[in-house]
Structure formats: structure tokens, C-alpha cells
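Work through the exercises below with the sequence and the model side by side. Each task is followed by a solution that goes step by step.

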Amino acid sequence: MSNSNLTYIESVQERPAMYIGSKDFFGLVHYIVGAVNLNLRRQPTYLTFSLANGRFTIESDADLRVEQYDDGTLSPFESLPKQKSEYWIDADYDGTVLNAFSASLSVEASSLQRQWAIEYHKGCRESLHIQEADATTKPYSRISFVPDPAIFKVKAFSPYNFHSYLKRLSFLNPDVRFGVTIDGRKEEYHFANGIRDMFECVSSPYQLLHEPIHFRVTEDNVDIELIFAFQSWKGDVCWSFINKGRAVEGGTHETGLAAGLEAIRAKLDMGGDGVMYDRNNGIVGIMSLSYADITWSGCIKAKIKNPELEPLVERLVTRESSKWIEEHPQVAAEIKEIGTFTFPEAAEL
């Protein structure tokens with residue numbers, strides 16, 4: 001491996017908080033999420049995740065686009081692509097960070113008509129085998145890794161963390177079948193209806209007051225899918241996902257969603273005759289948004305700060321929700337009736 005790459009790996013290992021947030025539990029989670037995302041960005045149809053004896057293994061039919069440059073370095077595990085191409089993805093630094101923070105990393109991949117077998121120890125390449133493959137060879141990847149105990153302080157974690165994470169991903173990636181095996185417990189997660197299936201799960205504690213409003217639209221490099229309904233409890237409960245993940249501190253996309261929902265309330269005139277709706281009934285909903293040019297606040301992807309997203313999401317949510325309601329006049333009539341209901345005062349005994 002080249003000296004320049006060694007310098008990069010060493011600098012990452014010296015400053016883990018810059019890349020994963022901490023050396024504690026959530027730093028380890030960020031590290032593992034990066035390994036999963038490395039596969040998911042290549043649009044696989046299946047992904048299996050397993051943990052045994054402290055070693056994580058991820059297999060899929062993703063094409064990792066392994067490539068060797070003239071200086072000998074390998075993308076995406078030793079360096080970023082030298083220039084943008086049809087294969088280039090901004091966040092492919094996940095491969096180099098995975099390598100830098102692993103005590104050991106093994107890679108098997110069928111990519112670009114080659115079969116790759118690579119072994120690393122603490123960021124340094126120990127072996128590389130390349131075999132030519134014909135055009136009929138299907139993409140395949142298997143990455144197996146052990147977190148470096150000299151970096152991470154976490155010694156134990158519940159398998160429920162990973163089952164829950166992969167199950168959530170299965171709602172957000174309906175074209176992918178996920179398999180999880182941890183401590184002998186095997187599960188498969190696949191929800192063909194995507195966030196509609198997720199909505200059925202998370203809305204079950206609520207009494208929905210009408211057929212859910214559901215749309216998907218792509219415009220101005222933004223893809224939004226939203227499903228929501230008024231419910232019998234006070235307060236809005238909405239989950240927002242961006243690029244198949246969570247911005248845990250929210251951001252401009254969530255501000256735009258909130259503004260769009262308020263615009264729908266006003267447009268429906270739910271109080272009737274111009275009377276302000278008293279908000280006895282909240283909204284339960286889920287939004288999944290994809291946007292390539294994300295700007296994060298902070299290095300650990302906690303908050304979205306793209307200023308253009310707020311008005312764009314508000315406009316699309318307002319317009320598409322209004323369109324859906326106009327196409328479903330019976331639902332519109334039912335929603336109007338909601339505004340006439342008030343909770344009665346308790347009768348005096």
C-alpha cells in the first residue's frame with residue numbers, strides 16, 4: 001500500500017471522533033452503518049448480516065465497484081475515487097473508514113469483470129488476489145470485519161440493536177431482502193410496500209380517522225414519499241427519513257414537512273366557516289426523502305442544513321397532498337367532519 005494511503009489510514013485512526021462521533025456505543029454503530037451503506041448504495045436485491053465471535057459479515061449481490069489506481073491504491077477501501085465518474089458516490093469514504101477502524105477486514109467481490117480477494121490488518125493491506133471474470137459473472141460482495149478493540153471501548157451490545165436496524169432498513173428499501181443471523185437467531189425482513197407497511201405498524205396504537213393520504217413525487221432532484229392521517233390523539237407524530245437513514249437532530253427537511261402539514265390544515269379549513277381548528281386531532285405520518293446533494297451539520301450526520309430543502313419540501317407536501325385530497329372527495333368530506341368534533345366536558349355527579 002502506498003505511503004500516502006498509510007498516512008491517511010493513520011490519521012483516521014488517530015482522530016476517530018472526527019469520523020464516527022465517538023469511541024463509545026454510537027461510534028461503533030456509525031462504523032457498522034457505514035459498512036451496510038457501502039452495499040446498499042449499489043442497489044442489491046439481497047443483503048445478509050451476521051455476527052459471530054465478534055466478527056461481522058455482510059454479503060450481498062451489490063457491485064462494490066472495486067478499482068485499482070495507477071499508484072496501486074484500491075477504491076473504495078484505501079482511497080476515494082480520483083475523479084467523478086458514473087461509479088462515483090460522495091459517501092464512498094465509508095470503505096476507507098471501515099478499513100481504518102477494523103482490526104481485520106476481508107473483502108471478496110465480483111466487480112467490473114474481475115474477482116477480488118483482499119485482506120487487511122489494522123488498515124494495512126496484507127494480500128491481494130485478482131482474477132479476470134467474464135461478462136456473465138454476476139456482482140457479489142462479502143465483507144467480513146472485526147472492530148479494532150484499541151479504538152472502540154464497547155465490549156458488549158444487544159442483538160436487538162441489529163435486528164431492529166435491519167428491520168427498519170427493510171421498510172425503506174422494499175426491493176431488498178434482508179437476512180440477519182446473530183447468536184443463532186435468524187430472521188428475514190422484507191416489506192414490499194415499503195413505508196406503507198411501516199405506517200401500518202407505527203400507526204396501530206392510534207385511531208385513524210380516515211384513509212391515509214399517500215403520494216410519491218420526484219421533482220428538482222428530490223424524491224419524496226409521504227403517508228399520513230389525522231388521528232384521535234392530540235399532537236403530531238411524524239417520522240422523517242432522508243436517503244434511507246435518520247438525521248437524528250432533524251433539519252430543514254423536517255421543518256419543510258411541518259410547514260407543509262400546517263398548510264394542509266389551513267387549506268382544509270377544519271374548524272369550519274373560517275374558525276381556527278383547535279388541534280384536538282394530531283397527525284401520524286412517515287416521510288422518506290432522497291436527495292443527492294445533502295449538506296450535513298457536523299461530521300457525524302446529525303442534522304440536515306440544506307436551506308433549499310425547507311421551501312421545496314413544504315411546496316411538494318402541500319401541492320401533492322392537496323392533489324390527493326381533491327382526487328378523493330369522500331376522504332375530504334370525512335376530514336372536514338373531524339373539525340366539528342370537540343371533547344365534551346365531564347358530567348357533574
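**Exercise 1: the second largest pocket**

The second largest pocket holds about 280 Å³ of space. This is a predicted model, in which local features need pLDDT of at least 70 and side-chain atom pairs count only at pLDDT 80 or more, while totals for chains, interfaces and linings use all residues. Residues are numbered from 1 along each chain as its sequence is written, and side-chain values use heavy atoms, with hydrogens and water left out.

Task: describe the lining of the second largest pocket.

Solution. Next, turn to the secondary structure, where β1 (46-52) and β8 (140-147) each supply at least two lining residues; helices (H or I, at least four residues) and strands (E, at least two) are DSSP runs, numbered from the N terminus. Finally, sort the lining by class, which gives 12 nonpolar, three polar and three charged residues, where Ala, Val, Leu, Ile, Met, Phe, Trp, Tyr, Cys and Pro count as nonpolar, Asp, Glu, Lys and Arg as charged, and the others, Gly among them, as polar.

**Exercise 2: the enclosed space**

Task: find which residues line the largest cavity, and state about how much space lies in it.

Solution. Start from the terms: on a 1 Å grid over the protein atoms alone, a cavity is a set of points where a 1.4 Å probe fits but cannot get out, whereas a pocket is an open set with protein on both sides within 12 Å along at least five of seven lines, and lining residues have an atom within 4 Å of a point. Grid points are joined across faces, edges and corners, and a volume is the space filled by probe spheres set on the points. By this rule there is one cavity of 30 Å³ or more, and the largest cavity contains about 50 Å³ of space. Its lining consists of Tyr19, Ile20, His30, Tyr31, Gly34, Ala35, Tyr93, Asp94, Val97 and Leu98, with α2 (16-20), α3 (25-40) and α4 (93-100) each supplying at least two of the lining residues. By class, seven are nonpolar, two polar and one charged.

**Exercise 3: the nonpolar cores**

Task: which residues have the most contacts inside the largest nonpolar core?

Solution. A nonpolar core is a set of buried Ala, Val, Leu, Ile, Met, Phe, Trp, Tyr and Cys residues joined through side-chain atoms within 4.5 Å, and buried means under 20% relative accessible area (1.4 Å probe, protein chains only). The largest core has 55 residues, and Phe49, Phe77 and Phe101 have the most contacts inside it. Helix α3 gives the most to this core, with seven residues. A second, separate core of 31 residues includes Val217, Leu309, Ile325 and Ala332.

**Exercise 4: a hairpin and a buried threonine**

Task: how do β11 and β12 pair, and what does Thr252 touch?

Solution. Strands β11 (residues 213-219) and β12 (residues 222-230) pair in the antiparallel sense over seven bridges, where pairing requires that DSSP finds at least two bridges between two strands. Arg216 has Glu225 in β12 as its bridge partner. The two strands form a hairpin with two residues between them, and Asp220 in the turn has a positive phi of about 55°. Thr252, in helix α7 (residues 252-268), is buried, with a relative accessible area of 12%. Not counting residues up to four places away in sequence, Thr252 touches Ile304, Lys305, Asn306, Pro307, Leu309 and Glu310, a contact being heavy atoms within 4.5 Å.

Definitions and conventions. Buried < 20%, exposed > 50% of the residue type's maximum accessible area, 1.4 Å probe, protein only.
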